[in-house]
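Morning, everyone. Please look at the next slide, and then I'll walk through a few spots.

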Amino acid sequence: TFTPTGPGAYADVLTLTTNIPGNETIEVDITADVVDPVVLDFLFEDFESYATAGNGIVPPNWSAVVFGMRNVGTNNPSRRLGANLWSTPTSLNFSGSWTSPFVEIDADSELEFDYRALNFSGYSLGNFTATPGDNFMFTVSISTDYGNSFTVLDTIDESNHVVQIPYVTKTYDLSAFAGEIAQIRINATKIEGSSPGDFWLDFDN
């Protein structure tokens, strides 16, 4: 177990025992830089102050895979956090995730966000078509151990997805986590074989 005692640079050696003649032990150098986490008192993000767009491009202290800042189309200028999900499980665009900064939770805390799912065709021009719920699913999860593990708060899929062009607002009571430092993660996956098989999943506010 590699357990840092505080911020700074760390180095150690991991020794592995094998049954390979002449290589009974293998040593692996381990290095790490440990920093104090940035913890926010309150988080509101509408993404409008960020001009750069693309996969993995997110505000400070956020992280994302496939998801990133979007401002596609002259008829669709509002900035948001989105991902184009498509193809098969072997594709990098079959699934994606984003993770929020760390936030202090109190007895009145709520998680609220807007989301929408829109077909790829016409998206860049603002000619939107709502994507059916059987095309995808995403989980809403919370971590109170600095991202080591996550507890699922909700799953959005064909059973509860609202098929519409305007954003859908979701709200979750976080009072059960009062006193904790929390992080939110969205994990989204395209459903294999679904049609249409190419769509955008956007989050905002």
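Is Ile-26 buried, partly exposed or exposed? With 35% relative accessibility, Ile-26 counts as partly exposed; the cut-offs are under 20% relative accessible area for buried, over 50% for exposed, partly exposed in between (1.4 Å probe, protein chains only). A word on the source: this is a predicted model, where local features need pLDDT of at least 70, side-chain atom pairs count only at pLDDT 80 or more, and totals for chains, interfaces and linings use all residues. Residues are numbered from 1 along each chain as its sequence is written, and side-chain values use heavy atoms, leaving out hydrogens and water.

Back to Ile-26. This residue lies in strand S2 (strands are DSSP runs of E, at least two residues, numbered from the N terminus).

Now His-161. It sits in the loop between strand S12 (151-156) and strand S13 (168-173). At 9% relative accessibility, His-161 counts as buried. Its contacts (heavy atoms within 4.5 Å) include Tyr-115, Thr-131 and Phe-136, not counting residues up to four places away in sequence.

On to the rings. The structure holds 12 aromatic pairs. Rings of Phe, Tyr and Trp (its six-membered ring) pair if their centres lie within 6.5 Å; planes under 30 degrees apart are stacked, over 60 edge-to-face, the rest tilted. Tyr-115 and Phe-203 form a tilted pair: 6.4 Å centre to centre, 35° between the planes. Tyr-115 is in strand S10 and Phe-203 in strand S15, 88 residues apart. Tyr-115 counts as buried at 1% relative accessibility, Phe-203 at 2%.

Terms used. Helices (H or I, at least four residues) and strands (E, at least two) are DSSP runs, numbered from the N terminus.
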